[in-house]
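Hi everyone, thanks for coming. I'd like to walk you through one structure today, so let's get it up on the screen.

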Amino acid sequence: MEKFEILDLKEIKDSRGCLVALEELINIPFEIKRVYYIYNTNNASPRGFHAHKKLKQVLICLKGSVDVVMDNGKSRINFLLDTPNKGLAIYPGVWRELLNCSEDMVLMVLADRYYDENDYIRDYEEYQKFIQKEVLI
Ligand code: TYD
């Protein structure tokens, strides 16, 4: 499995609490064009189930927890996001599923492109074809 990276975000901690700073091209590996967040989720309604053709993203779970399943067409890996000082960078061509979102989860996502529905692959069979084409190039 490749095409993802775990980012250890430096936590600045003192008696008042913790602070994490995110800076493009410093601890975030791309220029940030878009930020969105997901909340008020429930365990029974998993999200994701798509891949992106070009988009790079960093997922940071600010509160609660979520299992992020990543699939490269050959193998699947599960990564538990449950702390705001870890980021999960997901690069293009990875099928992802967000499972077991806790009710209090707040998941922030940084992205290197504006929203574009044409960049999504939402069908797993289509995803497998896309991956095979990528390997041939
Ligand atoms: P989607 O990416 O499918 O969410 P998830 O993968 O978490 O299940 O997005 C849900 C809806 O929100 C879909 O109609 C597209 C819309 N959307 C935007 O309008 N802008 C955005 O930046 C994102 C990420 C989604």
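Okay, let's start with an open sheet of five strands, ordered β1-β9-β6-β11-β4 and paired antiparallel. Before going on, a word on where this comes from: it's a predicted model, where local features need pLDDT of at least 70 and side-chain atom pairs count only at pLDDT 80 or more, while totals for chains, interfaces and linings use all residues. Residues are numbered from 1 along each chain as its sequence is written, and side-chain values use heavy atoms, with hydrogens and water left out.

In general, strands of a sheet pair through backbone hydrogen bonds, either parallel or antiparallel.

Back to our sheet, the order β1-β9-β6-β11-β4. Its edge strands are β1 (4–8) and β4, each pairing on one side only. From one strand to the next, the twist averages 25°; that's an angle between N-to-C directions, on a scale from 0 to 180 degrees, with axes fitted as lines to C-alpha atoms. Inside the sheet, β6 (residues 57–63) and β9 (residues 86–90) are antiparallel partners over four bridges. Look for leucine 59: it sits opposite leucine 88 in β9.

Now the other sheet. This open one also has five strands, in the order β8-β7-β10-β5-β12, again with antiparallel pairing. β8 (76–81) and β12 (120–121) are at the edges with a single partner strand each, so one side of each has no neighbour in the sheet. β7 (residues 66–71) runs antiparallel to β8, over six bridges, and valine 69 has asparagine 78 in β8 as its bridge partner.

So what lies around the ligand? The residues are Arg34, Tyr36, Ile38, Arg47, Gly48, His50, Tyr115, Tyr120 and Arg122, each with a heavy atom within 4 Å of it. By class, that shell has four nonpolar, two polar and three charged residues; Tyr counts as nonpolar, Arg as charged and Gly as polar.

How far is the side chain of arginine 34 from an oxygen atom of the ligand? An N or O atom there is 2.5 Å away. Arginine 47 has a polar side-chain atom 2.9 Å from a ligand oxygen, and for arginine 122 the distance is 2.9 Å. The cut-off for a polar contact is a pair of N or O atoms within 3.5 Å. Finally, β4 (34–38) and β5 (47–52) are the elements giving two or more residues to the shell.

Conventions:
Polar contact = N/O pair within 3.5 Å; in protein donor to acceptor, adjacent residues only side chain to side chain. Pairing = 2+ DSSP bridges.
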